[in-house]
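Dear colleague,

Please find the structure below, together with a short account of what was found in it.

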Number of protein chains: 2
Amino acid sequence: MALESIDGVRVPARDLSPFVIDIFKAAGADQPSAEAVAAAVVDASARAFDTHGVRLVPFYMRGLEGGRINSAPHLDITRKAPAVAHVDADDGFGHLASYRAIEEGCAIAAETGVAVVTVGRSSHHGATGCYTRTAATKGFAAIGMTHADSAVIPFGGTKAFFGTNPLSFAIPVAGEDPILLDMATSAIPFNRVQLRQATGTPLPEEVAIDKNGAFTTDPNAAVAVGPVGGARFGYKGSGLATMVDLLCSAFTGMAHGRALAAFGGPDFATPIPIGHFFIILSPALFQTLSLFDARIASFLADLRAQPGKDGRTVHAPGDIEKAEARRRLTEGLPIDRVTWAALSDFSTRFGVALPLTIS
Amino acid sequence: MALESIDGVRVPARDLSPFVIDIFKAAGADQPSAEAVAAAVVDASARAFDTHGVRLVPFYMRGLEGGRINSAPHLDITRKAPAVAHVDADDGFGHLASYRAIEEGCAIAAETGVAVVTVGRSSHHGATGCYTRTAATKGFAAIGMTHADSAVIPFGGTKAFFGTNPLSFAIPVAGEDPILLDMATSAIPFNRVQLRQATGTPLPEEVAIDKNGAFTTDPNAAVAVGPVGGARFGYKGSGLATMVDLLCSAFTGMAHGRALAAFGGPDFATPIPIGHFFIILSPALFQTLSLFDARIASFLADLRAQPGKDGRTVHAPGDIEKAEARRRLTEGLPIDRVTWAALSDFSTRFGVALPLTIS
């Protein structure tokens, strides 16, 4: 995907993490919750997934301070069947429950070959790829999904019904970072609309809908986005969104996306219980690992050697983000001005020193 | 999706099935193989999935008579882990192996909650939705995938690399047919190009590529198709195609799609071993079935009540095909003229009477 250009400051990841942990703790979150949120948003920003990175800190803080999020949840894990576990997130941060789900899923899949871990009574967990990628760094492949409140018109519709309902897939690669797909089943994630509001950049054509159901490129006029596939093939995006919504609701016990209150408020006091769905696979129980690794390596070598348009390179999912992540390791994580102002306010309110910026 | 208009004849499904079985047996297929192929192609045609219906009979017959397909395979099923089984298809028809995989997967998932069944040394299995739907009619939810030879350019590329790599999802609905998603991860399936060649209808804009890497609407000039998401968001289609290719190759032991020989020949004598990947879920081990059914029912009622463009109805995945299937039950299955001529040839060669057409 095309990376956003961000007008703002740059901060080293190692300094941003403790700051985020400290402000969440100052606002009442327990240590595991604060660490999980910080790990996820810094990881997303470090991997150039800016729509779901540090810019979500004010949103999470608002949920925590408003009471929507349980600051000290008691996570309850139930083994529902030999290859299935359920995590009751107790209205806490979705990040904590999702990292816990992956941990549990890897432990089960190591024995059964495949595990499904459902999460219920959870909340927004940021980038779903944070969790599938965590499984992949431990040698497991993973498919992850979350549903969300309405922001996406269904194919043939005029009003938001689906959440952006992302689908993520991660698979380990010997000797390099995992292959990572992390895509909204909408044409663009609604977070990208919000990021473009912050950066003041127009949206692409025919991906966002205004309040009258017409396409708009103005991020401030956009109230919904369309399904991936657009005007002609959007039934595919709607179909994928259906799969994600049902796996995250009917299988977790939660209500479907459109029955949920709006994540964006105005009510930040009442929990909005959502579900996530993770499938974890242990490659070693399917194939000898040397053959598995060889298959992945030859797929990647072949794909990256394909002829590209205008002499450019053809990429595997996550390649562009991996290259940018290496750059950010030395140049710091970009933080847009709106988000930086919000972090500065937290710094003042809680007496937690802002991390130094890289000039 | 928009249904194709087919110029040809109409045949009752109950008469088409025995005809297809008989010609495959006459060409050497054993009874289980002939029945599996007939079940899948008649099911696809009955459900208005014409790209993968009876028009594929000549293609399968060519593989059988050429020797690519083992006419009497010995299917070998290995339980690789408590929740994982592998079906070695012995170079037989992919339909037989896939129905067997679903049977095995449902039996395992009934105990473990989730099962993965991989299929290797298989061949083209028609519409992946035939198998996920079979699981759903037994009360299971299923995700199915198959990879294939190169027909789809990767995002940013100029040459076919991916197969059309379909992804299917089916989930049971109390009191009606399952919700069924069955989509190529390309903008359109390559079979649709072939169907349009047979029907002589131009393709939509910007979905098919000619031999120079440029878009074309001429089905006879098309040599490849693009990923779903098109010129701007095709990285999503390419990402999904990557997921399907790796799950169907690295996890099954098969080579990735571009390393496979061309399904379309000219060699129809040598097996082209491919893989399929099925995830089967037992809802009853996740939730009480009454809650599960209620969640699905309220999702469907809500979606179908959404305001549609120009006063039209908003559909759930498979709704349009379900309505058309009801019509075909009385009006018969449409068979295009090219396919009908091929069936007539088989009838003559094997002395198997053609089914009567509906006038």
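**Interface of chains A and B**

The contact (heavy atoms within 4.5 Å) takes 79 residues from chain A and 79 residues from chain B. This is a predicted model, in which local features need pLDDT of at least 70, side-chain atom pairs count only at pLDDT 80 or more, and totals for chains, interfaces and linings use all residues. Residues are numbered from 1 along each chain as its sequence is written, chains are lettered from A and ligands numbered from 1 in the order in which they are written, and side-chain values use heavy atoms, with hydrogens and water left out.

Between them, chain A and chain B bury about 6700 Å² (accessible area, 1.4 Å probe, lost on being put together and summed over both), and 71% of it lies on carbon and sulfur atoms. Of the area that chain A buries against chain B, 11% is supplied by A:Lys236, A:Phe251 and A:Phe286, more than by any other three residues.

The rule finds two salt bridges across this interface (a side-chain nitrogen of Lys or Arg within 4 Å of a carboxyl oxygen of Asp or Glu). B:Arg258 forms a salt bridge with A:Asp302, and their closest N and O atoms are 2.9 Å apart.

**A helix pair in chain B**

Helices here are DSSP runs of H or I, at least four residues, numbered from the N terminus. In chain B, α1 (residues 13-26) packs against α3 (residues 57-66) at an angle of about 20 degrees, with the axes (lines fitted to C-alpha atoms over the stretch in contact, angles running from 0 to 180 degrees between N-to-C directions) 10 Å apart. From α1(B), B:Val20, B:Ile23 and B:Phe24 meet B:Val57, B:Tyr60, B:Met61 and B:Leu64 of α3(B).

Yours sincerely

Terms used
Helices (H or I, at least four residues) and strands (E, at least two) are DSSP runs, numbered from the N terminus. Buried area is the accessible area (1.4 Å probe) that two parts lose on being put together, summed over both.
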